[in-house]
Amino acid sequence: MKSEAANDKRAVTPDSGAEASLATYVPDPRRYDELLDENGALRAHWRPLIERLTANKAHDTARRALELTRRLIVENGVAYNVYTDPQGADRPWALDPLPLVLSQDEWREIEKGVVQRARVLDALLVDLYGPQRLLAEGLVPPELPFGHPNFLWPCHGLVPRGASWLHIYAADLARAPNGGWWVLADRTQSPSGAGYALENRDIVEQVLPETIRDLGVRRVRDFFSEMRERLRSLSDEEANPLVVILTPGPFNETYFEHAYMARQLGLPLVEGHDLTVRNEIVYLKTLGGLKRVHTILRRLDDDYCDPVELRGASTLGVPGLISAIRAHNVVITNALGTGVLESAAWLGFLPGVAERLLGESLQLPSVATWWCGEKPALDYVLANLDRLVVKPTYPNQQFEPVFGSDIKGDDREALIRRLQARPYAYVAQEHVALSQAPVWRSNGTPSFAARAFTIRVYAIATQTGFRVLPGGLARVASENAVDVVSTQRGGGSKDIWVLSRGEDEPAVAATRRLQVSMRPDELPSRLVENLFWLGRYTVRCADNARLLRSTVRVRVDRGVWIHAVRICRALGVIAKDLQPPASLRDDRDPYGIAADVKRIAWCASQVRGHLSARYWRAVVGLQRQLQEAAASRQEPREALERIALSLAALSGYAAEDMTHDEGWRLLRIGRRLERLQFIAGLLAQHLVAASATRQGQVEWLLDVCHSISIYRSRYFVAPRLGSALDLLVRDVHHPVALAFQCSSIARDLAELAASLKISGDPGLEATIPEFTDSELLTLEGEGDEARASRETLAARLRALHVAAAKLSDRLSMRHFSHTGDSQSVWT
Amino acid sequence: MRYSIHHKTAYEYASDVLHAHHILHLVPRPAPFQQCLEHTISVEPATFRRRDEIDAFGNALTRIEFELPHRRLEVATQMEVEVHPRPRVFAAHSMPWERICADLAYHGGWPTRENLQACRFRHESPYVRVKQELTDYAAECFPAGRPILECADALMVKLYREMKYAKGETTVRTPLLEVLKKRRGVCQDFAHLMIGCLRSRGLAARYVSGYLRAGPTRSAESGASLTIGSGASHAWVAVYTPPFGWLEFDPTNDVRVGTDHIAVAWGRDFGDVSPLHGVLLGGAIHELSVSVTVEPITQ
């Protein structure tokens with residue numbers, strides 16, 4: 001950033017530098033060029049940006065910007081899941097840090113057009129789900145709503161609370177060769193991408209901090225506070241309405257965005273089974289019991305939202321949701337059924353709709369579109385196929401858009417037959433030559449290159465009408481597919497800079513509260529349950545890995561080896577007939593390392609929104625380590641060592657990166673309970689073995705407990721059972737010791753009760769065995785009396801083990817038990 | 001004709017159902033040719049919430065919700081329904097099928113009320129996909145210019161002949177094209193297939209759920225007495241046949257519907273009108289038993 005600051009002090013140099021850097025930028029005469037006018041000169045609103053970026057060592061500026069962007073994307077864990085990715089992996093988000101610049105005047109026009117369009121579409125929804133006047137008057141074809149899978153009959157006649165259907169709207173716009181903007185598509189269901197737009201701005205603000213400030217770029221963050229206020233204001237509950245974001249879950253392609261929005265807006269991110277409808281009221285199943293939900297921002301498709309009335313087999317939705325909406329006990333944004341407008345077929349009818357419903361003429365034109373359901377349109381389309389793109393009318397059709405000019409021979413005949421057989425199911429659009437804007441090309445020496453793009457513009461309903469996000473998401477076509485812009489097919493994105501001419505931003509409402517965090521009792525039970533088990537499995541896996549590692553290490557010492565293997569088998573870490581390394585390979589063994597790693601990965605995927613990027617990366621790395629260890633027949637000791645190390649990193653990240661909220665507290669309780677059970681079980685097994693007092697065996701025990709060095713520094717004697725027990729049982733300060741676990745658990749339970757304002761759990765029903773120093777001496781002695789005292793201690797440790805299991809069950813019953821999957825039945 | 005009908009549905013669950021929402025389509029809807037004179041629904045367990053509504057297609061709908069754990073659910077209905085004979089119609093007087101398609105398709109003007117209503121039942125719906133295979137399968141029943149009623153009769157006969165009634169081989173989730181391939185299924189599948197063949201050509205057809213009286217009437221084609229579908233709830237098809245409006249066909253038994261069929265509800269397909277649909281939390285696996293008796297009341 002230093003050099004950029006230095007550049008700022010320079011007088012702005014004439015065009016020479018800028019023009020030299022633009023040598024690689026080639027406008028396309030068939031397209032509008034954002035950067036250069038017809039004479040090849042920089043357009044005025046781009047000039048300040050380009051001059052800054054090229055004033056000095058343009059290559060370095062670009063290279064630094066690209067590197068920083070890449071790093072920030074990785075650090076922030078910005079990802080886009082692609083369902084069909086063969087690896088099933090996340091793909092990092094692609095952002096070109098060079099923004100798309102739009103002038104204030106131009107933006108005004110877009111803004112007005114988008115606001116009007118949102119009003120038209122809302123009015124259209126009111127009519128379609130109400131009187132259907134437009135259908136009766138023949139202004140829109142019945143084929144459009146009635147054939148659309150997202151026209152939801154159970155919502156017909158339903159008036160949502162507030163009588164508004166569209167709360168959040170997005171339009172995809174493209175610039176025509178003549179410089180005007182066209183609407184390509186309307187997003188009315190649950191428009192995605194606004195979170196990515198915010199994330200893009202966050203990153204670009206770090207990459208070009210001075211530039212963004214000096215150019216007077218309009219802020220986008222206020223839009224999200226407004227969105228939050230809007231969501232909160234939709235219900236009667238004034239004091240503290242509960243607003244949640246409903247996601248289909250971590251397997252959805254835009255899950256990152258759902259989690260990001262949830263964090264930015266300070267709202268709980270929930271899945272369908274986190275919610276329940278009782279007596280037409282929606283509740284969130286939380287740590288503190290059922291909490292009434294007032295508003296739902298959904299990222300789940302219309303027809304999946306309620307398995308009782310919509311798709312009966314959907315497990316993603318909330319049974320009974322529609323009844324709660326109908327009773328006005330909950331508001332869902334956007335209203336269910338708004339997806340019916342997501343079809344290119346509507347575009348041609350919107351001018352008539354605007355005229356009829358609002359008495360206005362539509363300001364933003366749509367790209368020229370022919371719905372083939374009308375005979376003249378079909379005839380035109382068949383006669384002009386070569387200049388058109390054919391698309392499906394309905395989103396559930398198995399038909400990919402095709403360019404008429406690309407399709408020849410038999411395929412063309414087949415396409416024509418399809419169109420003739422069911423004309424209403426197809427739409428043809430003019431093939432738009434998208435406008436071009438500069439990107440920083442990153443391969444080789446960074447330089448400017450021209451790429452086609454579209455923009456997505458967002459609007460939200462407020463008390464005073466729709467308000468447009470001053471910015472948005474520019475989506476850039478990949479180099480080879482010039483007119484296909486699709487994030488799913490590997491295009492990139494850009495931040496949009498709307499310049500203000502020094503005017504003041506509209507004052508932000510005083511009622512707005514930033515930085516709100518979730519109330520502790522609003523944490524979804526499922527989330528907390530998964531955090532609890534994530535804590536347990538991480539410790540279980542780490543303990544087992546250390547147990548096996550220490551055991552493999554003593555292979556040469558026959559006596560200790562027999563003792564150690566027997567205990568491994570007694571604890572179930574390896575099956576009766578197997579050797580220690582088997583645990584790494586076979587995930588069918590329910591208690592093995594491989595099985596534990598699988599469980600960790602599952603729990604982590606369920607709470608991904610609460611984990612830091614590096615935590616998630618470490619989980620992915622852990623799975624990879626295990627696969628490698630299993631495949632390469634690596635020295636098991638080394639593999640175990642590395643796994644133990646990765647698990648230690650996970651614990652570190654959990655402590656360092658996570659918000660220390662109630663969920664985290666339960667994760668920690670999970671960890672402590674697991675460790676308590678492990679140590680108690682291990683010691684009990686050790687104590688009843690005949691060789692319990694032998695030095696080698698005790699040393700092995702201390703090694704399993706990761707306590708060799710602390711033992712040495714504390715006791716100055718060779719490993720002895722009495723001293724080892726002193727350390728591992730009653731030392732409150734040693735993080736492996738039983739006393740440490742018990743006091744930590746008691747403290748966490750008390751704090752949990754206090755913060756949830758509930759009666760505290762009585763805690764463990766067994767206590768840490770107490771013993772005097774002379775009793776310790778007895779324990780490490782020989783003979784019947786010593787053996788009996790060891791048996792007694794083992795019994796007490798087993799009781800402690802049982803008490804930990806009971807406490808775990810009690811916590812599950814109390815905090816998690818409302819969750820589970822539902823099933824559908826029919827007759 | 002007057003009937004007394006009992007319909008009992010019972011679920012036995014392997015473990016507790018902790019919470020459940022059900023919707024029931026069990027009350028015979030009003031229609032020009034029938035009247036429900038009396039109706040009661042009784043539900044076990046008795047502690048539940050109930051709400052009665054009319055759905056978007058004009059059917060009576062009952063919602064029930066259980067908040068207490070239960071291992072068994074029993075829904076029993078008892079009703080008395082009067083069914084009137086329908087007017088005789090002459091197939092040759094019905095409109096040629098292509099003209100109906102053309103009338104139902106959008107052309108900018110004000111559609112008639114009847115046609116606009118019919119458009120609701122002209123498209124793909126969750127259980128009835130519209131496919132070229134279905135158009136091809138039924139092609140022989142739709143020669144050019146043939147009156148719709150003759151087409152529908154021919155299609156019904158074709159399904160009756162070519163499909164085998166077989167219980168337990170399909171479920172509600174079996175895709176229509178698979179049913180077509182197997183040529184086997186129950187009354188739901190017969191009805192869905194017939195609807196699919198009609199809609200694939202741009203005609204309107206609805207799914208009717210109801211009851212069938214076993215006994216006297218004989219199939220025109222086979223001479224067999226109507227039995228298939230009695231003893232359980234039944235399903236058939238209504239076809240939009242201007243100028244006669246909606247006429248009903250039972251492809252499972254190869255008859256036009258008369259006084260032996262008692263309609264309960266109609267919609268786009270099974271999903272809109274299934275007699276009892278529920279979403280349960282818990283319950284694990286379940287066992288279902290259904291019994292239906294339809295008895296004529298002699299006056």
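In this predicted model, 35 residues of chain A are in contact with 42 residues of chain B, contact being C-beta atoms, placed from the backbone, within 7 Å. Local features need pLDDT of at least 70 and side-chain atom pairs count only at pLDDT 80 or more, while totals for chains, interfaces and linings use all residues. Residues are numbered from 1 along each chain as its sequence is written, with chains lettered from A in the order in which they are written.

On the chain A side, β22 (822–826) gives the largest share, five residues. Elements here are DSSP runs numbered from the N terminus (helices: H or I, at least four residues; strands: E, at least two). By class, this side has 14 nonpolar, 15 polar and six charged residues; Ala, Val, Leu, Ile, Met, Phe, Trp, Tyr, Cys and Pro count as nonpolar, Asp, Glu, Lys and Arg as charged, and the others, Gly among them, as polar.

β22(A) also pairs with β15(B) (residues 276–282), antiparallel and over five bridges; pairing takes at least two DSSP bridges between the strands. Within this pairing, V825(A) sits opposite G278(B).

Chain B itself splits into domain 1 (2–84 + 275–296) and domain 2 (91–271), with bounds from an automatic or database domain assignment. Their C-alpha centres lie 25 Å apart, and the contact takes 18 residues from domain 1 and 15 residues from domain 2. On the domain 1 side, β16(B) gives the most, with four residues, and the residues there come out as 13 nonpolar, four polar and one charged.

Conventions
Contact = placed C-beta atoms within 7 Å.
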